[in-house]
Amino acid sequence: MRAYKVYAIGNGTVIDHIPSGCALKVYEILRLNEYDHIVTIGMNLESKKMVRKDILKIENKTLSKDELNKIAVVAPNATINIIRNQQISEKFGVEVPDVIEKIIKCPNPKCITRNQHVETKFYKMADKPIEVKCHYCERVFAEFGLN
């Protein structure tokens with residue numbers, strides 16, 4: 001395994017074990033393009049847990065429960081590291097919420113959410129792999145797009 005040089009943050013959040021190729025989705029979901037501090041993205045890094053992984057380091061940001069829920073939908077095995085004074089002060093995994101609102105879109109082209117301005121709402125049916133049931137059309141999906 002190679003050593004990587006990545007900017008160390010003094011305070012903030014590190015999102016580790018993002019599936020390879022999904023870091024930009026997490027970046028988009030968290031709207032980090034609007035964030036004024038340093039954000040470091042590592043993609044396709046070697047991993048002991050996964051073959052390849054992505055990682056996000058966000059300086060001076062603590063994620064809300066809502067933001068963690070959003071990450072869990074895209075990266076259900078992600079690990080969150082809270083950094084304080086250049087040390088990991090907390091480490092925990094994300095959890096897919098029981099109810100997922102406004103994060104994903106229904107793949108069913110006949111669903112009301114695809115044809116009218118109705119916010120999406122899904123119920124978690126299974127964790128790994130993630131399966132969700134649309135509140136409106138009541139179909140169950142394992143693959144879906146982001147809103």
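These legends walk through several close-up views of one predicted model.

**View 1. Helix α2, tucked into the rest of the structure.**
Start with helix α2, which covers residues 65-74. Seven of its ten residues are buried, so the rest of the structure largely encloses this helix. If you want to pick those residues out, look for E67, L68, N69, I71, A72, V73 and V74. D66 and K70 also sit in α2, and as they are four residues apart, about one helical turn separates them. They form a salt bridge, with 3.7 Å between the closest N and O atoms. Both ends of this pair are partly exposed: D66 has a relative accessible area of 44%, and K70 comes in at 22%.

**View 2. The largest nonpolar core.**
Now zoom in on a set of 32 residues, the largest nonpolar core. Which of its residues touch the most other members? They are I15, V26, L30, I71 and I100. Helix α2 makes the largest contribution here, with five residues. Take I100 as an example: leaving aside its neighbours within four places in sequence, I100 is in contact with V73, T120, K121, F122 and V132.

**View 3. Strand β1 and its two partners.**
Is β1 mostly covered or mostly open? Mostly covered: of its eight residues, seven are buried. One partner of β1 is β3, and the two pair in the antiparallel sense over six bridges. To find your place in that pairing, look for V14, which stands opposite K57 in β3. β1 also pairs with β4, again in the antiparallel sense, this time over five bridges. A handy landmark there is T13, whose bridge partner in β4 is I82.

**View 4. T79 and the residues around it.**
Stay with strand β4 for a moment, and find T79 in it. T79 is buried, with a relative accessible area of 9%. What does its side chain make a polar contact with? The partner is the side chain of H17, at 3.0 Å. Leaving aside neighbours within four places in sequence, T79 is in contact with quite a list: V14, I15, D16, H17, K49, K91, F92 and G93.

**View 5. I130, a buried loop residue.**
This view moves to the loop between β8 (121-126) and β9, where I130 lies. Although I130 belongs to a loop, it is buried, with 8% relative accessible area. So which residues does I130 contact, leaving aside neighbours within four places in sequence? They are A72, V73, P76, V96, F141, A142 and F144. For a sense of distance, the C-alpha atoms of I130 and D16 are separated by 19 Å, and these two residues are 114 residues apart along the chain.

**View 6. L32, another buried loop residue.**
L32 lies in the loop between α1 and β2 (39-46). L32 counts as buried because its relative accessibility, 2%, is under the 20% cut-off. Setting aside neighbours within four places in sequence, L32 is in contact with Y27, V39, L56, I58 and K61. L32 and I104 are 72 residues apart along the chain, and 18 Å separates their C-alpha atoms.

How many salt bridges does the structure hold? Six. One of them joins the side chains of E34 and R31, at 2.9 Å from N to O. In another, K124 pairs with D98, and their closest N and O atoms are 3.4 Å apart. This pair ties together distant parts of the chain, 26 residues apart: K124 is in strand β8, while D98 is in the loop between β5 (87-93) and β6 (99-101). D98 is exposed, with a relative accessible area of 54%, whereas K124, at 22%, counts as partly exposed.

Technical notes
Residues numbered from 1 in each chain as written. Predicted model: local features only at pLDDT ≥ 70, side-chain atom pairs only at ≥ 80, totals over all residues. Heavy atoms only, no water. Buried < 20%, exposed > 50% of the residue type's maximum accessible area, 1.4 Å probe, protein only. Core = buried A, V, L, I, M, F, W, Y, C linked by side-chain atoms within 4.5 Å. Contact = heavy atoms within 4.5 Å. Pairing = 2+ DSSP bridges. Salt bridge = Lys/Arg side-chain N within 4 Å of Asp/Glu carboxyl O. Polar contact = N/O pair within 3.5 Å; in protein donor to acceptor, adjacent residues only side chain to side chain.
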